[in-house]
Structures are given as C-alpha cells and as structure tokens.
Amino acid sequence: MTRLLVLGIGPHPLEANAAISGPTIRLRQFIEPLVEDGHEVHAALLEPAARRSVNLPDVARAAAFTPDQLCDPVEVLRGLGDAKYDAVLGVGSIMPVAAGTRVARKVGCPSWVDLFGDPLAEWHGDVCRPGEPNYIARDQIWKFLRESLMAGDAFSAVSDHQRDAILGQLTLLGRISAPGPLHHRIETIPVGVPREWSFGYAVQPFPKALRDRGIVSGTPYVFLGGSWTPWMKEGAMGRALRRLLEVNDRVRIVIRGGVEDGSSKAVADRFFEQLGDVPPKRVVRLEPGEGSEAAILAHAGTALLLDRDIPESYLGSRNRLLSWIRWGIRPIVSPRSMLAQELVTEGLAGGVDPDNVEEIVAEMRHSLRATALDRNRLARQGCAWLGGCTFHETLRPVLDWVENPQHFPADKGDGLLPRWANLPAEPERLF
C-alpha cells in the first residue's frame, strides 16, 4: 500500500454545505480513485481558516491550512502528524500545487503537479475586464508556476491543448533538454464526473422554485448556470437571448448562480446590459442552492455558454457542460475548448460562431423543439459518453504512476529563464 498526500482547494465537495467549484471537484476527482485503489490517502486543504481535523470519506487524515501555513512544508507535515509519504500530489490550483512540491522536497519523495487549466491564461482572461491589470498578481502566479514546473516529477493538464502548453513551458525552463521519451511526464486528465452520472437519471418533478416564479410545466426555457467567468462572452450571450425572446414570446430564461464582486460582477452587469429591457417575468434569477439543480436541468429546453477568443478558452475546460448533457440538454456553445469541441463532434452540443446572433438563435430554437423522445435519446447518449469521464477512468495515468512513483530525470539544460529560479513566491500576495 502506498501512502499519498493530496493538496488541493477545500472544502471537499462532499462536506456539508460546501460550496462546489472546479478546483474542489478536481480534489475529489483525485482522492476518490486513489482511495478506491487501496492507497492510504492524506489530504491538506487550502482554506481561509485552518481546521486541525477534516472528516473526509475513507481519507486517513485531513486538515485545512491557511495560505501561509500550506506554503510552509513544516506546518503541513506537523498538521498531518509528521507522516512520511511515498508521493505528493498537488491539484486544482497553483498554490496547493506549488506547496505540494515543497512538501515533496522536504520528505524526499516524487511529486505530481496537476495544472487544472493554465494559471497565466486564467490571469489573462481576468484582465480582459475593464480596469487596470494586476501585474503583481501575474508575477506571483508565475513564481508559483515556475516553482511547480521546476520541481515537479510528473505533470497533468485539463486538455490536450494545455498539455502542449506545459511542454513548451518545461522546455523554456530547461527541463526538456535531456534525450528520452516524455511518457508519464505530461498527461491529459480531463474533467471527471462521479460514476453514477453514467448510469442515467431518475425522472424529476417540475421544480417548485420555477412554479413559484410563474413558470409552469411545459414552458420552454433556456438555462444559464455556473459562475460568471471573465472568459465568458457575456455581451454576445445577452444579445442572442434578447433576440430569442423577441422571436418567441413563450420562451423564458432561467439563471441560477450568485454574482461575486470583481470580475464576476462586471461580467454579469455587462450581460444584463446587453439583455436589455426584457420584462422581468421572462427572466428568472435563482440564488445558489435555490431549487433542485437536477430538476431545473431536467426540464430545461437548452443552455447557452459562449467563450471569448482568448488563450484560456482554448487551453481550459468547461465543467458545467458535463452536468448539462447528463439530462438530455443540447447546449449551444462556441467550440473553442477541447471539451466543447468533443461534444459538438458527438452531436451532444450545438456549435456556433459567438458573433453570429442569428445562428445562435436558430440553434437555440432547434434545441427547444426537441421532443421527449429526442431528450431521452440525448440523455442516453450523454450518459454513455460520461462513462468514459468518470473520476476513475480519467485518473488512470495517476493511478499507474503512484504504483511506482519516479523522479523526473535530471536535465542538464540551464533553461532560458534561470534568473527566476531564486525569486520567492509569496502566498499572501496571491490568495
């Protein structure tokens, strides 16, 4: 049995009242298969406040640490009882990833670096919003990223596109200078889903939250859900939905999700500005946790998600699409990410030019006309496709590696950016 330490963003999605996000799902995606395969798993969670003990299913030990604590390997090891590890895995976000390599160096074991999206591309997406770019944040992100790339022994990306980016970054830093194969150095681990998602779904009653807002069963509606990200092409989404409401007086829009300050609020404000003076009864806004998301998705006619033409849209993923196709929704997407491209190719999503309002409206109307038989067929096809996206299936490269974790072969190249090697990363500047 191998003893492993996984560092990621908390709280774990299965904890009571936990806010679920992409990085926390990634934590679960790594932990569950490792436990299922019989490894002894410990977990260190990055949270605003420390918790000396966290109760996670089948995890031997778990604790939560503040940013400064997590970035201090002595603090992490002490908080987990000074255990010895065969390998350390940092997942989901750049700070726990860098912290994982520090713990691995302290213990003297190999480390797995999971870059769940490109951190610099995500920073670039954020500065696409109005305002002065935060170059201090960019520098801190690069310092953590450089440290992780220099110290990691195996790497994973969320898409094939990002895998190529990591290859370029490692080459730039001088880590791909020695001859030899890249096997098990950089792997693609796409977004995963719980195994039960591939089993199909139970019939859902029409959501009470919508009935209470004046939407009756059988009313066609477009669903928008998830966070308001800066790589979302919110202006085009607002204009397309406004046009749809103009040509179909029965359609409603259902939006579920909160708006945070900062870039999230700027995206939402821009969306509603472009949506225009639509009668309030035609747009239902639900708070996070209001109503059953399963029921809301089960009765939605379609969903919409359009991306800006920026690096993050190409390198990253779109987790929310997986929860949509499970219910037979044919979402309308701009096929920039690898996941969106695959779903369009499989016929599980409609691909559009995000600048062509009439094309977007036509595709939404096509999805809204789906019959019950169409929805059942799409749901079966979607669940079958999700069978290849389960946590366990997606994590096979990691499961193979932890059976015999190896250090990255030492490369003798100096890299093109050696001066960065001694710049410290400061957690409090980034968190």
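Axes are lines fitted to C-alpha atoms, for helices over the stretch in contact, and angles between N-to-C directions run from 0 to 180 degrees. To see the contact (heavy atoms within 4.5 Å), select Phe-30, Pro-33 and Leu-34 of H1 with Val-398, Leu-399 and Val-402 of H18.

This is a predicted model, in which local features need pLDDT of at least 70 and side-chain atom pairs count only at pLDDT 80 or more, while totals for chains, interfaces and linings use all residues. Residues are numbered from 1 along each chain as its sequence is written, and side-chain values use heavy atoms, with hydrogens and water left out.

Next, show the strands. Helices (H or I, at least four residues) and strands (E, at least two) are DSSP runs numbered from the N terminus. Seven strands make an open sheet with parallel pairing, ordered S3-S2-S1-S4-S5-S6-S7 (a pair needs at least two DSSP bridges). At the edges are S3 (61-65) and S7 (186-188), each of which pairs on one side only. On average, neighbouring strands are turned by 20 degrees against each other, direction ignored.

Now select S6, residues 154-157, which pairs with S7 in the parallel sense over three bridges. Ala-157 has Thr-188 of S7 as its bridge partner.

H1 (residues 22-36) touches S1 (3-9), S2 (40-46), S4 (87-90), S5 (111-115) and S6, and its direction makes about 165 degrees with that of S1. H18 (residues 396-403) touches S1, S4, S5, S6 and S7, at about 165 degrees to the direction of S5.

Return to S6. Four bridges join it to S5, and the two run parallel. Phe-155 stands opposite Val-113 and also opposite Ile-186 in S7. Which way do the S6 side chains point? Ala-154 and Ser-156 point one way, Phe-155 and Ala-157 the other, and all are buried (under 20% relative accessible area; exposed is over 50%, partly exposed in between, with a 1.4 Å probe and protein chains only).

Of its 63 residues, Val-222, Leu-224, Leu-241, Val-254, Leu-304, Met-364 and Trp-385 touch the most other members. Helix H9 (residues 234-247) gives the most to this core, with six residues. Another core of 36 residues lies apart from it, with Phe-65, Val-76, Leu-80 and Ala-99 among them.

Finally, select Arg-213, in the loop between H8 (208-211) and S8 (221-225). Is Arg-213 buried or partly exposed? Because its relative accessibility is 35%, Arg-213 counts as partly exposed. Its C-alpha is separated by 7.9 Å from that of Lys-281, 68 residues apart along the chain. Not counting residues up to four places away in sequence, Arg-213 touches Val-284, Arg-285, Leu-286 and Glu-290.

Methods:
A nonpolar core is a set of buried Ala, Val, Leu, Ile, Met, Phe, Trp, Tyr and Cys residues joined through side-chain atoms within 4.5 Å.
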